[in-house]
Structure formats: C-alpha cells, structure tokens
Amino acid sequence: MQENYTRLNNIIGWVVFAIATVTYFLTIEPTASFWDCGEYIATAVKLQVGHPPGAPFFQLMGNFFSQFALGDVSRQALMVNLVSALSSSFTILFLFWTITALGRKFAAKYGEINDARVIAILGSGTVGALAYTFSDSFWFSAVEGEVYAMSSLFTAIAFWAILKWENEVNKSPRADRWLIFIAYMIGLSIGVHILVFLTIPAIVMIYFFKKDPDINKRKFILYNTIAIVVLGIVFALIIPLVLNAFGKLEIFMVNTLGMPFNSGTIFTLILIIALAAFGLNYTRKKQRPLWNTLILSVLFILLGYSTFITLAIRSNANTPIDENNPEDAISLLAYYNREQYGDWPVLHGQYFNAPLDQKEPFIDGNPIYVKDDESGKYIVSDDRKNSIRNFDKRYKGFFPRMWSDDPGHVKNYVEIAGIKNKDRRPTFGQNFKFFMDYQIGHMWWRYFMWNFAGRQNDEQHRYEVDKGNWISGVNFIDEMRLGPQSNLPYHLEHSPARNTYYFLPFILGLIGLYFHFKNASKDAWAVLLFFLFTGIAVVIYTNNKPFEPRERDYSFVGSFYVFAIWIGLGVQALFELIKNKNANIAIATSALCLLLVPGIMAKENWDDHDRSNRYTARDIARAYLDSCAPNAILFTNGDNDTFPLWYVQEVEGYRTDVRVVNLSLLNTDWYIDQMKRAAYEAEPVPFTFEHEQYKQGTRDVVYYQARKINRPWIYATEFIDYIKRDDNSNKFEAFDSKKLIYFPIKRFRLDIDKEQVLTNNVVPDSDTSRIVDFIDWRITSNALSKRDLMVIDLIAHNNWERPIYFSVTVGSSSQSYFWLDEYFQLEGLAYRFVPVRHGKKGQRVDFGEVNTSIMYDNLVNKFEFGNMEAPGVYLDETNRRLAYNLRNSYGRLAQKLAEEGKNNEAIEVLDLCVEKMPEEKFPFNYFIFSVIEAYYKAGATEKGRAMVDLFADRLDEELKYYEQFKGSDRKLVNQQIQAASSYYQMLLRIVQQYEFKNSNKIEDFQKNDLFERYQNALRPLGMA
C-alpha cells in the first residue's frame, strides 16, 4: 500500500471530488439567486462591467460556461452557477490533497508510515474534505453564481502549491516554478476576489521554515514580520502602484506632451516589459535566483491581473451595465480601490462621535480626471477641494472599532459597548469590548460555530435569543446561552435551517489543532497564520458596523477551510492515540469519524442547502417588471429589487421595454450617462440635465436656504431651471468659503395636461373625473442629492409620456418616495405615479390606491411564484422576506375588491395567496393582517377565522415558550412577548370588528373563545 500511496491519494481525492460535485449539482439553484448573483450572471453572460472592484476572470469563465446553454437563455444562469459548483468541488479536491500532504508529515513524527498509517492519512483527508463539503457557509456559496466559490478555489490551490514546492525544493532544481505558479494564481484571483492574498503570510512562513530549519526566536519574529510585509506589498502596493503609474504617465504624456489618448498607457506597458527584461537578464547573469524568481513572480501577478483589461475594453463599448465606467487606467485605479464606497479606519482613526477639526474641518482629496474628447486632454471633473472630513485629533485613537456616525450605528454602539455618555470619547476598553462582543463574537465566532457546532435558524440575528444563533444540540450547553430549548414554537423547532452537529466537528478539529502543534509545530504555525488571517484579520480590516444588511459568513470561509484541515488531522490524532494500531483500526477510526462528522453534517444541512427547483428570484423579478405598463421607467433602490431584474432583462430578454433605474446609483454621473442612453427596447430616460451639469463634483447636493418669493410654491420646471444656473444667483457661501447651490422653497407644483393624461391612458376611465389640475408636493428635507434632482427633473418634464413607477421596496417613508406618495397607484409590486390624489399619506406598506383591474390581472394571471409553495423547495430568510411584499399586495388587492363589491374575485385572490404562500413556509407576521381582514370583508368569515385561529395557535406556542424564561432572563424575550401580544390584540380587534359588529356589549365579545385564549396565554406572563 505504501508503494501505491500516490496512486491511492489521487484516486481517493478524485472520489471525494466526485462526491462534492454530485452534491452541488443536485442542490444547485437553476437560475439567478438574490443579492449580487443576478448582477454577476448578467455581466458574465454578456461580458459587462459589474460593481467595484470587479471580477473579470469570474466573468470570463462564466461567459465560457454560458455557451454550453446552446442558446437557451433560460439555462445560462444554471451554466454560470455550475462555475461555482465546480470551483467548490475542485476546492474540496485540493483540500483533500492538502490534508494528506500535511498528514504524511504529521504521521512521520509517530514513526514509520506503514499501511495502517497510510489508511489513516487517506481517511483524514476524506473526513476533513467532506466535512468542508457539507459545511454551511461553503455549501451556500457552492450553488449560486457568486465569486466566493471560485475565490476559495484559488485559495486552496495557492496553499496546496506551497506544499508541493516544499516537497520538491530539495529534490528538483525546478521547484521554484511552484512559487511563480502561486504568484500567477494570486494575480488571476484578483479578477475574482482578493481572499487568496490572505494565504501569503502562511506561504511565506512555509518558505522560511523550509529554507532555514534552525529558526530561533529572533528569526521567528523577523520572518513573521516579513510575511506580513509581503502581504502588504502585494495587497496595497504592487497593483495600486502599477495602476497609479499608468494613470500619472497617461496624464503627463497627453496633457503635457500633447500626445494622443492611451499614449501613456502604452509607454508604461513598454517600460514595465523593459524593466522586467533587464531585471531578469541581470539576475541571471549575476546568478541571483531568488531575485530572478521575485521578478518573475511580480510579472506573473501582473499577468494574472491583466484580465482587468477586459473591463476597460467592455466599458469603452458602453455596455448596458457599465458600473463606474472604468474606461482607462485612471478610472481603473479608482475602480480597483473601490473609491465609490468610501474609506474607514482600521488601526487608527476617528470614533463615532468625533467632531470636525475647528481649524481645518475639511481637507482636499485627489482630483478626478476625465477624458475630454474636444480638447484631446484629461480635464479635472472634480477638484475635490475640501471634500474629505477632517476629524478632531482628540477624538481619534488606536484601534477605533466604533467609528461610523450614522445615527442607527451610534445607537447600536452605545447598547453593545455599554456606553453611558455617547458624547464623551469612547475608551479603548469600550472599543475592545465592541470588538470582542460584536465584531468577533457576532460577526465571526457565531459564523464559525454555525459551521462546526450547529445553527439555530436562518433568521437575521441582532442579539435575539431565537434568531440566527449558533446551537449544538447539546441542550444543557445551549440553554446556558439561549434559555430553554424545550417546548419550542412550531417555526423555531421545524425550521429547515435548524442544524445540530453536537460539537463533533468542532471537537475533532480541536483535537487536530492540538496534536498538530504538538507533533509538527512549524506546519501548525503556518496553518494557524492561514486561519488567523482569513478570520480575525478580515474582522479587523472590514471593521463592521452594527448591523449588516445580511449575514456575512461567506467572508470568512477561508478560516473555515483551515479548520477543516484540523478536522482531518484530528482523525489521524485519534488513530495514533490507540495503542494496538493496525489497518482495521485505521479503517474503523476513519469510518466512525466519517459517519459522525461529515455524515451528520450532510444529513442536517441538505434540506436547507437544496436549491434545486427554486425559481423565486427570477419570478419575483419578473413580477416587478410585469407590474409596469409598456415603456415604463421603474425606480428601484437595493440589490434585491435591482440585480434580479437586470438578470431577467439582460440574460432572458424579459420586458426589456422597462427601464430600471436604481436610485442608489443615480447619485453618480456615470450612471446618469447610462440612463440617458437607449438600452434594448427601452428608450433613454428623458433627463434634461447635460453631463456638465451633473458631472462628479457638480450639484452633488443642493441646500435649502429660505428666501422670500412672490408665491408659496415654485413650478417644478422653474426649480430645475433655477438649479441649472451657472451664475452666482443660486449660490451661497459656506463656512469654508466654498460656494454652494441652494433652493429657496420646499413646495413644488406640477401643472397637469389632462389631454396628455387621457391620450396616454395614465388613469383608468373610472378616475378621469378625479384628475387634478395640478400636483403640489412639499419636501421636508433641507438638502437634495443628485438623485433627488434627477427624479424631480423627470417628473417635471416627462409630461406623462412615459409611465413612472417606484418599486414597493424603495422605502417605508414618504421621503423614500420623494414625497409623491399621495399620487401613487398600486398595480402589483410597484406604485405608479398618477395625477390623481388619493387622500391621506401612506404609512410603511400601504402607500397609494389599488387599481383593481390592472392589479388583479397582474397578480392572478401574470405573476409566477418560482415554486415557492412546492414541498421540498427551501426558502431562506431573503426569499421569505421578499415574498411578504407579495402577500401584502394580495391582501390589499382583495380588500379593495371587497370594497368594490367583488367578493368572489377577492376570495379568489386570497385563496391563491394562501396556496402560494402557505403558513408552513411563510410564518404569519404583520403582513398577514391585510389577508385576514380581506377574507372578512369579502364575506368568507370561516376562512378568515381559520387564519385567526392558526395565527393564535402559533402565538400561544410562542408565549408558552417565552413563559419558560424566568427572572432576569425574561428581559431576553421582552421584545418578542410584546410583539406576540400586539399581534394577538390585532387579531382580537379584527374578530370584534367583523364577528361582533352587531353587538355593542363588550361582555359578549369577552366571552369569545379567542379573548379567553388571549387572557390564558398572557396571564402566566403577568400581562393579562
């Protein structure tokens, strides 16, 4: 067996690969998912430009795989998703080989590597690799079209390659080719994600451990320091320095020497090649192989990075998706540095309550250059003078973990860190408490334990005891942290995402970690560096704010990968602990660990990672578009009401007549440029601003300054003309002597051309008499951003030629909808702006008036549901949350139909809603009340009461569960108790209103069984 080790190692590695591949192929999502996946798939299929810092290599691979759809646009997303699946299964393959490579060195410490130890080594690789195969976070990324799976592959290859170098360096003069290969992998990986950078310290330490076996304490510190410096050079110096050189020489040669555009880029490229050729020739002549290898490594990093050229090429083609417009070296540097997302402190900087410096509140930023075809030069678009806030030095410090001044973040900082006075500079101790409690405990350790102990459910966690915690299945331990684990409410107990591994993967990994350090300390230290940099270092660098819009466990899969190495080595450690070792013991040990670790993980995780047959993201995206009339303009706001829509339009060619305008991006000049161009069947958005009037640094914000004018309102067209002025008549001088544009009044008027409204069928025939002569609306903000100006510009000049819609997910306040919500008409998952005033302003989810004819056709005849109701189709928290918007829309439509006397249609709508969004998958919450009330309004009292009773059953379960929290633990669930009590009261009000509407006696109602249930449920809690 020893003689056949290499062959067995390869065969079993490929068997493990096959298991992972089958797993991911069986559970892969067949279309786009929510969040960034729709954007990545769309930009891959058509080689477009996604959000910074870009993923061109992923897009190239996705484009290649998409060709295998053979023209079937509905299968192109699946082909791109397969890139992630195969990347993940290849990651597992290289993990297996990494574990066995380390395992051979580990086993050698115990003696001769005999047949039994060979079996144990191969068993350890199998257990560790399959444990990672079935781990929660990695499996999640493996079955969707995102970059994290491919990023993991590059990480796995890079670390495996340094072990190959280590094995060959004393055997072959060509071993250094592995170092150059690693450099190339790092370069290519930049075109996917920069996670692989974090392997560099471990790689460098393995290099030093091999080159210098006699390392003392001083050398150990020196080599670790060098390892971190090398990481810094690769991450923050090589690529930015090269891109900066491209940019600076381009500007110099074009602006100063008068040469054509791209002259500096070409010259810089020639200069790099010349310097590299000289360096390689010189080091070869001088017999300096290390320097020769370093030069080649830098070259191969740059060669790998060259995939970014595709972004510049495609950006110059003005593709429909062209984020940040990185057409040249200058803009490519800003794109790589993610400048649009701003900056944040890492090791030193401001605290959340830092005031601006009194003497110099603002400092200059780097000027923004853009290409000017008329002059043939690069001109300054934004000088960025006084553009960066300069904080008071007294409120800056080391390791500022609490730094964001957003009021929501500040509130959470205060609560989590236990700050008594939020106006005082926070202490280092308070920052460190927040770091350990939230950034480590909440944002890393919780995710780590999800993967190796168990997960409570998939709800977004904000320190609740019943949402998103890690659990183990060992009740007495879970109860110490989370309270009682018996008598769980239905949806907490039956959540598909409730997975428990009884600490077995965690314990096996700790055993592997301990014995790795005990028997191969140098290898263990390198692996530990890998673990720390892909875990804790990510936490420190990202400096997360409380709370993130989604769970971020995918960011830390590198550290989970490393722990899987130790899980594998734990198998070997257990084998070596047995006195009478033989092949049968090795097989038994491996089989038992295989059953108890990856076996349990696969069993527990399969149901909530199986996305096969799920089409919800695609169909909800279609529903947004189907809510719009032909040639409409649809305003969206976030990732999940934008990226899936991009996917169905760009890839599947669905409703390309609708122009989707993302309000978050509308603050940028490059995005406005794109909106002013036609795309497929959609005409340009008719903004009247010219580029010079909205370019970066121009009209980014305008401010309210009260001025007397001759009437209490201003025409919207006059307002836009006023804002467009380039003289000083619309400007005031700020405290830094910078002149800023102001607006003198907050009330706007839009005159209505009724003939145009009727010609374009803007309102239904039943509402023609309600068309107003003019629309007056008042804004409440003292500042308007560029996007606000663009929306007002469109409203002012559209003249009802293009239907204008806002998605229902744009926001929950009137300001979110630009204070126009009194003139909204709900037609599905979007509000249409119409010249009919619908009375009161909306609140939270009930903006606008329902157009029953259009909305009925959309919700009953057009909308599809992506199999969300099908048994076995798992819907995670994101899918459920977005589907609740649908539930609310069905309830509102049914209520309006009932008010119009169309009870049969109302009941049909409600029955469809209940069928497609069953309570077993979509727990009742605030959004169900419109459905319940609609049943009552439509005369279906029995159906309404059945839903009331089912909701009451669930509330009884919850309150009975919360009753178990005694003493001081009760405060852990006070918020949940109050919510359940409020829901119960809302149910009581509905029952009283519709079932006791003919009775004026409160006593009659109090005899109702629901009232008695309510009292019985709350009495033990002291609330009846």
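Predicted model: local features only at pLDDT ≥ 70, side-chain atom pairs only at ≥ 80, totals over all residues.
Reader: What makes Phe 428 and Phe 432 a stacked aromatic pair?

Author: Two values decide it. The ring centres are 6.0 Å apart, and the cut-off for a pair is 6.5 Å. The planes stand at 20° to each other, and stacked means under 30 degrees. Both tests are passed, so the pair is stacked. A search of the whole structure finds 98 aromatic pairs.

Reader: Where do Phe 428 and Phe 432 sit relative to each other in helix 16?

Author: They are four residues apart in helix 16, which spans residues 428-452. That separates them by about one helical turn.

Reader: Why are Phe 428 and Phe 432 called partly exposed?

Author: Phe 428 has a relative accessible area of 44%. Phe 432 has 37%. Buried would need under 20%, and exposed over 50%. Both values fall in between, so both residues are partly exposed.

Reader: Which residues form a nonpolar patch on the surface?

Author: Leu 347, Phe 398, Phe 428, Phe 432 and Met 436. Together they have about 510 Å² of accessible area. Helix 16 gives the most, with three residues. Leu 347 is in the loop between helix 14 (329-336) and strand 1 (348-350).

Reader: How do you know that Trp 470 and Phe 503 are edge-to-face?

Author: Again, check distance and angle. The centres lie 5.9 Å apart, within the 6.5 Å limit. The planes make an angle of 70°, and edge-to-face requires over 60. Therefore the pair is edge-to-face.

Reader: What does the pair of Trp 470 and Phe 503 tie together?

Author: Parts that are 33 residues apart in sequence. Trp 470 lies in the loop between strand 7 (454-455) and helix 17 (475-482). Phe 503 lies in the loop between strand 8 (499-500) and helix 19 (504-519).

Reader: Are Trp 470 and Phe 503 buried or exposed?

Author: Trp 470 has 10% relative accessibility. Phe 503 has 12%. Buried means under 20%, so both count as buried. Both also belong to a cluster linked by ring pairs. Other members include Trp 444, Phe 506 and Trp 566.

Reader: What makes Arg 749 a charge over the ring of Phe 774?

Author: The charged end of Arg 749 is 3.7 Å from the ring centre of Phe 774. The distance cut-off is 6 Å, with a further limit of 35 degrees from the ring normal. Arg 749 also lies over the face of Trp 713, at 3.9 Å from the ring centre.

Reader: Why does the contact between Arg 945 and Asp 949 count as a salt bridge?

Author: Their closest N and O atoms are 3.0 Å apart. The limit is 4 Å, so the pair qualifies. Side chains of opposite charge can pair when their charged atoms come close. Both residues lie in helix 35 (residues 941-962), four residues apart. The structure holds 48 salt bridges.

Reader: How do you know that Glu 995 forms a salt bridge with Arg 945?

Author: The closest N and O atoms are 2.9 Å apart, again within 4 Å. This pair links distant parts of the chain. Glu 995 is in helix 36 (residues 974-995), 50 residues from Arg 945 in helix 35.

Reader: How far apart are the closest N and O atoms of Asp 1009 and Arg 945?

Author: They are 2.8 Å apart, and this pair too is a salt bridge. Asp 1009 lies in helix 38 (residues 1009-1018), 64 residues from Arg 945.

Reader: Why is Arg 945 called buried, but Asp 949 partly exposed?

Author: Arg 945 has 13% relative accessibility, and the buried limit is under 20%. Asp 949 has 23%, so Asp 949 falls in the partly exposed range. Glu 995, at 28%, is also partly exposed. So is Asp 1009, at 39%.

Reader: What makes Gln 572 buried?

Author: Gln 572 has 2% relative accessibility, and buried means under 20%. Gln 572 is therefore buried. Its place is in helix 22 (residues 557-577). Among the residues Gln 572 touches are Gly 103, Phe 106 and Ile 121.

Key:
Residues numbered from 1 in each chain as written. Heavy atoms only, no water. Helix = DSSP H or I, 4+ residues; strand = E, 2+ residues; numbered from the N terminus. Buried < 20%, exposed > 50% of the residue type's maximum accessible area, 1.4 Å probe, protein only. Patch = residues over 30% accessible without salt bridge, like charges linked within 9 Å, V, L, I, M, F, W, Y side chains within 5 Å. Areas by Shrake-Rupley, 256 points an atom, 1.4 Å probe, with all protein chains shown as cover. Salt bridge = Lys/Arg side-chain N within 4 Å of Asp/Glu carboxyl O. Contact = heavy atoms within 4.5 Å. Lists of a residue's contacts leave out its neighbours within four places in sequence.
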